[in-house]
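Please brief me on the strand and helix arrangement of this model.

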Amino acid sequence: MDLTTNKLLNIRIFTLLTSLILSMISYYSSDIINLDGILYMNMAEAYLQGGLAETVKLFNWPFYSILIAYTNQLTSLPLEASAYLLNALLFALMLDTLLLISNKLLLNAQQLVIAALLLICFQSFNEYRDFIIRDFGYWAFCSLTLYRFILFLEKPTISNATLWQLVAVTAVLFRIEGVVILLGLPLYLFIYHHSPKSAIKQSLKLNYIFIVAFLLASGFAIKTPEISAAFGKVMTITDYVNPIVFLETFMEKTSVLEAQVLNGYSAKYSTLILSSGLIFMLVYKLVKAVSFGYLGLYLIDCWQRKNIAITPYRNLILYFAILNLIILVFYLFHEYFMSRRYTMVMLISLILLMLPRLTHTIVQAWSSRNKALLVVISLILLVSLVDGITSSRSKAYIKDTAIWASNNLPENSSVITDDKIIQYYYNSLPSKAKLLKIEIGPYSSENYINRFKEIQNLYYQYDYLILVEKHKNQKLKALLPTLQLELIYSQKDKKNNMANVYKILL
């Protein structure tokens with residue numbers, strides 16, 4: 001090994017260990033499982049009990065849950081701990097891959113160390129460390145797909161082409177939108193190579209496994225309906241690219257906007273208002289997710305240096321960002337909402353584009369002993385890290401109530417709830433009382449109270465009721481006193497959200 005390789009290895013080891021420690025802190029400070037995590041836990045349990053045929057009853061994209069199940073078998077850890085271990089490793093893989101890409105972009109080891117600190121402290125990454133979500137695998141393998149593509153550009157061998165395809169397909173197995181990266185990234189070869197003949201040749205090399213596997217898998221899936229059903233989410237791709245479905249949904253939304261929000265003078269602008277509003281929401285979420293601290297440091301360097309040398313692979317990363325922007329826009333106009341974690345691969349693209357300037361700003365501040373700027377930089381990194389791995393909102397009251405109910409309700413009694421988290425923690429312990437979960441709907445829904453009233457008679461067929469009561473749910477607060485209920489246990493958080501156990505009086 002030469003000195004540069006040793007330095008890179010040391011930085012990677014430091015980043016890996018720090019990431020694992022932060023994941024462990026997040027795991028032990030987490031008070032409650034996220035809702036998606038409950039689904040994946042149930043799917044992993046279903047896979048262990050009945051294979052693919054059972055997982056498809058819950059969700060039609062089981063790869064992540066299968067990995068959790070095998071992690072459980074390999075380590076003998078509980079399923080939830082197995083998921084956190086898997087996520088910690090995937091998170092570390094993502095950071096390590098981003099470091100390897102950064103090593104292709106930055107000038108020296110000093111900048112790479114700073115890049116490692118910026119990535120470790122990035123708040124939008126860290127706030128999901130205590131989640132059980134398949135996105136970790138998608139983020140890690142999308143990043144690895146980009147890195148392996150860079151290696152292929154540098155050395156277009158069959159081995160590099162093979163590794164790229166395996167990594168890209170693995171990203172798809174975590175989230176179906178990875179198909180856009182799988183199919184779209186090789187098209188960059190037509191930009192990279194001046195000769196179309198050379199681009200076609202390299203593109204075929206980069207897709208040979210995929211082409212053969214697709215033909216074989218198509219025939220195999222027809223003969224194996226169990227696998228087709230388990231990965232049935234593939235069929236949803238057509239909903240996103242079908243212009244008829246898109247236009248019908250969009251016109252329906254604009255009609256609602258015209259009828260219920262806009263007046264007669266502005267109704268004709270409903271299409272413009274809806275589309276621009278959605279795009280602005282996406283831009284806002286991206287800017288907020290990058291963080292104003294990181295943006296501020298970036299703008300400082302832009303102000304100090306109007307022009308910089310073209311970063312290696314800058315055009316490739318821009319193209320990668322465009323592919324991810326396409327994914328986000330299609331998703332946004334299909335679902336009409338956007339969660340920050342769906343933007344994460346786009347954020348990865350933006351951070352990689354910003355790193356040369358961010359690291360240069362910090363290097364310059366260190367070299368010039370600019371104490372004021374160094375203090376600001378330290379605060380930005382510290383606040384970003386602490387804010388990412390800590391949570392000001394605790395939902396432990398829900399978990400504690402569910403566990404109390406599971407341990408203390410009488411033998412052979414029957415219990416009912418409408419909350420998934422209550423159900424999960426109640427059933428996590430052996431209980432003598434059987435619990436049934438029913439669907440009511442979000443408490444903010446206009447139909448919530450009507451649905452609640454419809455099932456009042458169902459309540460009275462049971463002995464106990466467990467409810468999570470949000471302090472904003474005034475309708476439910478007004479309704480509960482009219483029911484024949486006796487409060488026997490209650491927990492609440494600082495905002496007076498409560499989880500209550502009621503005895504149902506006949």
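An open sheet of five strands runs in the order E2-E1-E3-E5-E4, with mixed pairing. Its edge strands are E2 and E4 (485–492), each pairing on one side only. From one strand to the next, the twist averages 20°. The model is predicted: local features need pLDDT of at least 70, side-chain atom pairs count only at pLDDT 80 or more, and totals for chains, interfaces and linings use all residues. Residues are numbered from 1 along each chain as its sequence is written, and side-chain values use heavy atoms, with hydrogens and water left out.

**Terms for the elements**

- Helices (H or I, at least four residues) and strands (E, at least two) are DSSP runs, numbered from the N terminus.
- Two strands pair if DSSP finds at least two bridges between them.
- Strands of a sheet pair through backbone hydrogen bonds, either parallel or antiparallel.

**Strand pairing around E1**

- E1 (residues 414–417) pairs with E2 in the parallel sense, over four bridges.
- In that pairing, Val-415 stands opposite Leu-435 of E2, and Ile-416 stands opposite Leu-436 of E2.
- E1 is also joined to E3 (residues 464–469) by three bridges, and these two strands run parallel.
- Here Ile-416 stands opposite Leu-465 of E3.

- Buried means under 20% relative accessible area, exposed over 50%, and partly exposed in between (1.4 Å probe, protein chains only).
- On E1, Ser-414 and Ile-416 point one way, Val-415 and Thr-417 point the other way, and all are buried.
- On E2 (residues 434–437) the side chains alternate.

**Crossover through H22**

- The chain passes from E1 through helix H22 (residues 420–427) to E2, a right-handed β-α-β crossover.
- Right-handed here means that, with the strands pointing away from the viewer, the path from the first strand over the helix to the second runs clockwise.
- H22 lies across E1, E2 and E3, and runs at about 155° to E2.
- Angles run from 0 to 180 degrees between N-to-C directions, and axes are lines fitted to C-alpha atoms, for helices over the stretch in contact.

**Packing of H2 on H4**

- Helices H2 (residues 35–50) and H4 (residues 63–75) pack at an angle of about 65°, with their axes 8 Å apart.
- Their crossing is right-handed: the near helix is turned clockwise from the far one by less than a right angle.
- Contact means heavy atoms within 4.5 Å.
- H2 contributes Tyr-40, Met-41, Met-43, Ala-44, Tyr-47 and Leu-48 to the contact.
- H4 contributes residues including Tyr-64, Ile-66, Ile-68 and Tyr-70.
- The contact residues of H2 with H4 divide into 11 nonpolar, three polar and no charged.
- Ala, Val, Leu, Ile, Met, Phe, Trp, Tyr, Cys and Pro count as nonpolar, Asp, Glu, Lys and Arg as charged, and the others, Gly among them, as polar.

**Positive phi in two loops**

- Ser-76 sits in the loop between H4 and helix H5 (79–105).
- Phi of Ser-76 is near 65°, a positive value in a residue other than glycine.
- Ser-76 counts as exposed because its relative accessibility is 65%.
- Ser-291 sits in the loop between H16 and helix H17 (292–304).
- Phi of Ser-291 is near 90°, again a positive value in a residue other than glycine.
- Ser-291 counts as buried because its relative accessibility is 15%.

**Lys-285**

- Lys-285 is found in helix H16 (residues 270–290).
- Its relative accessibility is 25%, so Lys-285 counts as partly exposed.
- Lys-285 and Thr-343 are 58 residues apart along the chain, and their C-alpha atoms are separated by 8.2 Å.
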